[in-house]
Amino acid sequence: GPEKARPVPADGLVDALVKYWKSEGEARDKALKAVESQLGKKPEKLRDAAPAAWAKLGPEKDQQEIPRKGGLQTLPFTLPDGGKASFCLQLPNGDSQFHPLVLCLHGGGAGAGDGRQIYSYLGSLLPADAIILCPSVPKQVGNAWDESSNHRYVEDLLRHVTRQVPVDPDRIYVCGASMGGWGTFTVSADFLDRWAACAAFS
């Protein structure tokens, strides 16, 4: 049946989320405490507040707005140093307010591998209602997903997507194959509280 209407979130929680997503470093740690204070003992309130916070945020500076259309898209992404990267994104056609997100890390190495590669392996196996996010490493080098700059890239890319697309924060998954399988362990270890589950493939 149709999804039940969610309660209107408190403005204080929405504003705290916006501040958290906009901040970095120690300021972000402080902002996270403010979010936790607003949540109290009701973490489910995050599900109601996130869409309102996304609406206030919009795309980050220097990033393009994500087209809200179905099918696999290849989109540009600007790195913190001004460099360019790209990612593949597939949005579900369903009308659910929240969707799970599956981050897929590709394999490859020197001169090989990109987001479309991993999508061709795993895309048909993933849930139809999932948002599928497949970043391409900015430089095709061996063990690229081990580099700390690419861990930052993944974190920034997730923030870029989740501030524009209705992602269920309790259902964010990461998986990868070959080099991306190893990357699943190294990337997920940096943000252990982010993932509902992780899976690596040879």
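Which residues are exposed on the other side of α2? The structure is a predicted model, in which local features need pLDDT of at least 70 and side-chain atom pairs count only at pLDDT 80 or more, while totals for chains, interfaces and linings use all residues. Residues are numbered from 1 along each chain as its sequence is written, and side-chain values use heavy atoms, with hydrogens and water left out.

Helix α2 comprises the 15 residues 25–39. Helices (H or I, at least four residues) and strands (E, at least two) are DSSP runs, numbered from the N terminus. The expected span of a helix is 1.5 Å times one less than its number of residues; for α2 this gives 21 Å, and the end C-alpha atoms are 21 Å apart, in agreement. Within α2, the residues R28, A31, V35 and L39 are buried, a term that denotes under 20% relative accessible area, with exposed denoting over 50% and partly exposed the range in between (1.4 Å probe, protein chains only). An α-helix has 3.6 residues a turn, so residues three or four places apart point the same way. The exposed residues on the other side of α2 are E26, K30, K33 and S37. After α2 comes G40, with a positive phi near 60°.

The largest nonpolar core contains 29 residues, of which F87, L89, L101, L103, L133, V161 and W195 touch the most other members. Such a core is a set of buried Ala, Val, Leu, Ile, Met, Phe, Trp, Tyr and Cys residues joined through side-chain atoms within 4.5 Å. Two or more residues come from each of β1 (71–78), β2 (84–91), β3, β4 (131–136), α5 (148–162), β5 (167–177) and α6 (179–190). The most is given by α5, with 5 residues. Leaving out residues up to four places away in sequence, W195 touches L103, L158, I172, Y173, V174, V187 and S188, contact meaning heavy atoms within 4.5 Å.

H106 is located in the loop between β3 (99–105) and α4 (115–122). With a relative accessible area of 0%, H106 is buried. Beyond its neighbours within four places in sequence, the contacts of H106 include G113, D114, P135, W145 and M179. A polar atom of the H106 side chain also lies 3.2 Å from the backbone nitrogen of V137.

The structure holds 3 salt bridges, each defined by a side-chain nitrogen of Lys or Arg within 4 Å of a carboxyl oxygen of Asp or Glu. One of them pairs R152 with D156, with the closest N and O atoms 2.8 Å apart. Because R152 and D156 are 4 residues apart in helix α5, about one helical turn separates them. R152 is partly exposed at 33% relative accessibility, whereas D156 is buried at 6%. D156 also meets R159 in a salt bridge, at 3.1 Å from N to O; R159 and D156 lie 3 residues apart in helix α5, about one turn of the helix. R159 counts as buried, at 9% relative accessibility. A further salt bridge joins the side chains of R171 and D168 at 2.9 Å, N to O. Here R171 is partly exposed at 28% relative accessibility, and D168 is buried, with a relative accessible area of 2%. Through shared partners, salt bridges link R152, D156 and R159 into one network.

Note on methods: A polar contact is a pair of N or O atoms within 3.5 Å; within protein, one must be able to donate a hydrogen and the other to accept it, and residues adjacent in sequence count only if both atoms are side-chain atoms.
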